[in-house]
Amino acid sequence: MNKLPRTLVAFTLITLFYLVLSIALPPNSATIQSYHLSVTEYRVLALLVGIPLVAVWFASFYGYARLDEYVASIQRTQEGRAFALIARGLRYLAWGLPIISIVTTILGGIVHSHNSFANTAFIIAHYLPVIIAIAAFWQVGNGSRLLTEIAKVRPTNSATRTMFASFTLLGVFFTYVSIRTAQSATDPYHLPMWLILLTLIVPYLYAWFMGLFASYEIVLYSQRSRGFLYSRSLRDMATGIIVTIVTSVLFQYTQSDTTRLRRISFSWVFLGIYLLLMLYASGFLLIGHGAKQLQKMEEV
Amino acid sequence: MAEAFSLYDRIVRVTHIYLGPAADRFIDRQVLNHLAKPPKELTANDLSRLIDWIKVAVSLLTDDQEIIEEYIAQLDLLTKRAEKKSRGTKKK
């Protein structure tokens, strides 16, 4: 029943593994060249980014473990199935962060000693977040759909049209940015344009639309839910889920727009990363807080 | 038996205002754990003790005294109605 200790053990192991890798493996030469850093400066900065990163991992593991515990206490109810799917999606997002960091660190280390592997490493580093995003938002989307069916609500006409317009705008803008990045001198994709369009841009947009639409469905469900104390806790949890989804979309977007990022000063990039990390962590902490309150209702 | 069933339903309906879909599970637990009887066998005589336990349980969920008092006041109203009904039945 109590899944929190198991999740915390997993978090500790994965953090230790990441820290050992960060120290043991050679530094990322592309980052060193881009920002004119020495190896020591790179290590210090990696640690500075690494500490809040680990804190975010902790928040995300805590958030999804709390939600998992709540789901276990309502597993026989109608909402139980829906929240179980959402919890599974959030678990993929939570595990996605350390997995991407660890894999990119390992790939960086391999590239350092085998330069011919660079293109393959870049490709893997670009596909991994897409796969995680689709898997995570697919599950969250299935869960949110179930919730709207339980609450018997459907998106309003004006909301649907606004969403279509926003998604189209986001899609076109992201495609433009990605194509420009691919055509730049520092093309990070190392892939032909048709492959970038079909296997990166389309899946990313598909995942984001699923995630953002799921956020809207969760809002609809929480607005319809009755029970003063219940809906208050549910609102916290729903806000957390929405913040997490939106932030992860922003994260993935910034990772794709590397051309623009390289033009921005390093301190602004650093500040932006910290802000996104804080938002991401606060989303998961809100999920954890809301889920804890809801679980209490199933225990007292 | 039909009267006891409707009393349970009314308690769940009042609780639903505060605990939403968790209401029936919450009431079932209070009756089972503290009154040691199946929830559907709840009678007017059990109400006073049940309300005391509900007050304790809800205090663990929120610090908002206004909500707790409002909820308990609604449950007290149910007790009064149940007592009135049972007096009316005895007179007949």
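How many salt bridges are there between chain A and chain B? The count comes to two, taking a salt bridge as a side-chain nitrogen of Lys or Arg within 4 Å of a carboxyl oxygen of Asp or Glu. One pairs Arg25(B) with Glu298(A), N to O at 2.7 Å. All of this rests on a predicted model, where local features need pLDDT of at least 70, side-chain atom pairs count only at pLDDT 80 or more, and totals for chains, interfaces and linings use all residues. Residues are numbered from 1 along each chain as its sequence is written, chains are lettered from A in the order in which they are written, and side-chain values use heavy atoms, with hydrogens and water left out.

As for the rest of that interface, 15 residues of chain A and 18 residues of chain B are in contact (heavy atoms within 4.5 Å). Together the two chains bury about 1,500 Å², of which 58% is on carbon and sulfur atoms; buried area here is the accessible area (1.4 Å probe) lost on being put together, summed over both parts. There are also 11 residue pairs in polar contact across the interface, both residues at pLDDT 80 or more. A polar contact is a pair of N or O atoms within 3.5 Å; within protein, one must be able to donate a hydrogen and the other to accept it, and residues adjacent in sequence count only if both atoms are side-chain atoms. On the chain A side, the elements giving two or more residues are α8 (228-256) and α10 (266-297), helices being DSSP runs of H or I, at least four residues, numbered from the N terminus. α8(A) gives the most, with four residues.

Within chain B, helix α2 (residues 23-35) and helix α3 (residues 47-61) have axes that come within 10 Å and cross at roughly 115°. The axes are lines fitted to C-alpha atoms over the stretch in contact, with angles running from 0 to 180 degrees between N-to-C directions.

Over all chains, the search finds seven salt bridges. Among the pairs that meet this way are Glu69(A) and Arg66(A), at 3.2 Å, N to O. These two are separated by about one helical turn because they sit three residues apart in helix α3 (residues 39-73) of chain A.
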